[in-house]
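Let's take a walk through this model together, one element at a time. Keep the viewer open beside you as you read.

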Amino acid sequence: MQVYLVGGAVRDQWLGSPIKDKDFVVVGATIEEMLAAGFKQVGADFPVFLHPTTREEYALARTERKQGHGYQGFSVHAGPQVTLQEDLQRRDLTINAMAIEVVSLDDDTPIDNNIVDYYGGLKDIENKILRHVSAAFSEDPLRVLRVARFYGRYYDLGFSIAEETVALMHDLVASGELAHLSPERIWQESSRAMMQSSPQVYWHQLFELGALKDYFAPLHQAWGKTHVREIIETALFFAGQMQLNLSQRWALLMSSLDTSLIESQPDNTADFDIKIITMIGEVAKVPKALSQFATLFVQHAHRLKSIEMLTAAQKIDLIQSSNAHKEPDKLSQLLVTSHVLQLAGQHREMMLALNSFHAIGMTDIASDTKGAAIGAALRQARIEHLQTQAML
């Protein structure tokens, strides 16, 4: 029997990140041996056990074969003859397919700290690449979401997804396999991605792949407008940097659906059906409290961004309708969320101005312009360029 620390703990140790959970693979053991050692079996589909003291998960080495749709459509074989290399081959990314051998079931001290790396995970970490382990990647549609989540997690470190892995993700989306995923698993991956420092990366990647169409169709349609997508992505980035809570981040994402909030139109949301937020919540199994907060934010977003302009009566009405008299913290969260959305819009406006500034150079003004007139000509050309871009 050999016991290995595997997956995320090995990856995070090498990256110098905090280790949150430890998972182990046991090679050469049987179910009976694990039970005799005091472990409790918890896996219904394959042998996974909880350590009698630490409660950490130990799984027998296993192989899988695709037999149906979705992430549950697999037959699993676990037994003492399955090797560590075979077990690691079924994992999603090379950076998650590494292992370190430990002393025993009762002692997780590494034997020598040498990393078992059959599939090049260390090299991919060095090159900051997220790459699939094998062709088995294409058998599990959940991996589209998982890779997008890992991309968001390591985006700030400069990681990117290997082109060949993106191609497999595209193929999985095109196959329609994502429709067979349970809403609960969709939300599990999405909510975890939302709480990362760059939550916008996850949603951007899924949009680019066309992976939002099954569970988040209205969002996919809204993000077809580039300026809407860019503002919300920026807002989500700011939300990550400012450590906003999940309700606030979800409200910002749902703000995509009401273009009047993005396009600075008058307080008129008659064309937007607020029930869409609830509908998405029901389809994707979003916790009701999050959908309620998002609905509340979108309903009052126009008022929240112009608090100083409200009359006394309007302020009292806002307190009443937002239930802030009972939950004052909620009002603070709504105001901060509004500030972030406004900041994102302002940021995009100034980025357009910056782009226009850099887009215009000496070749864009008359060649015979001399002296102080050069600065004035450049300024005017940049203003005209920005005005043209704003109309697109």
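**A buried isoleucine and its surroundings**

I277 is buried, with a relative accessible area of 0%; here buried means under 20% relative accessible area, exposed means over 50%, and partly exposed lies in between, with a 1.4 Å probe and protein chains only. This is a predicted model, in which local features need pLDDT of at least 70 and side-chain atom pairs count only at pLDDT 80 or more, while totals for chains, interfaces and linings use all residues. Residues are numbered from 1 along each chain as its sequence is written, and side-chain values use heavy atoms, with hydrogens and water left out.

You will find I277 in helix α13, residues 275-283. Helices (H or I, at least four residues) and strands (E, at least two) are DSSP runs, numbered from the N terminus. Leaving aside neighbours within four places in sequence, I277 is in contact with M254, L257, F272, S291, A294, T295 and V298, where contact means heavy atoms within 4.5 Å. The C-alpha atoms of I277 and L290 are separated by 9.8 Å, and the two residues are 13 apart along the chain.

L290 also leads us to another residue. S247, in helix α11, is in contact with L290 and F293 once its neighbours within four places in sequence are set aside. S247 has a relative accessible area of 17%, so it is buried.

**The sheet and the helix across it**

Now turn to the strands. Seven of them form an open sheet with mixed pairing, in the order β3-β4-β5-β2-β1-β8-β9. The edge strands, β3 (40-41) and β9 (107-116), each pair on one side only; two strands pair if DSSP finds at least two bridges between them.

How many bridges join strand β8 to β9? There are four, and the two strands, with β8 at residues 99-104, run antiparallel. β8 and β9 form a hairpin with two residues between them. Across this pair, I100 stands opposite I115 in β9, and V102 stands opposite P110 in β9. In a regular strand, side chains alternate between the two faces of the sheet.

Helix α1 (residues 8-15) lies across β1 (2-6), β8 and β9, and runs at about 55 degrees to β1. Axes are lines fitted to C-alpha atoms, for helices over the stretch in contact, and angles run from 0 to 180 degrees between N-to-C directions. Which residues of α1 are buried? They are A9, V10, R11 and D12, and what covers them includes β1, β8, β9, α4 (121-127) and α5. Just after α1, G16 takes a positive phi of about 80 degrees.

Helix α5 (residues 142-154) and helix α6 (residues 163-175) pack at an angle of about 140 degrees, with their axes 9 Å apart. That angle makes α5 oblique to α6, because angles under 35 degrees count as roughly parallel, over 145 as roughly antiparallel, 65 to 115 as roughly perpendicular and the rest as oblique. The crossing of α5 and α6 is left-handed, meaning that the near helix is turned anticlockwise from the far one by less than a right angle (clockwise would be right-handed).

In this packing, V144, V147 and A148 in α5 meet M169, L172 and V173 in α6. By class, the contact of α5 with α6 has six nonpolar, no polar and no charged residues. Ala, Val, Leu, Ile, Met, Phe, Trp, Tyr, Cys and Pro count as nonpolar, Asp, Glu, Lys and Arg as charged, and the others, Gly among them, as polar.

**Loops with a positive phi**

Most residues other than glycine have a negative phi. Q243 has a phi near 60 degrees, a positive value in a residue other than glycine. This glutamine is found in the loop between α10 (226-241) and α11 (246-254), and at 69% relative accessibility Q243 counts as exposed.

N323 is not a glycine either, yet has a positive phi of about 65 degrees. The loop that holds N323 is between α15 (312-321) and α16 (328-359). At 25% relative accessibility, N323 counts as partly exposed.

**A last stop in α17**

A377 is in helix α17, residues 372-390, and counts as partly exposed at 24% relative accessibility. Neighbours within four places in sequence aside, A377 is in contact with I365 and T369.
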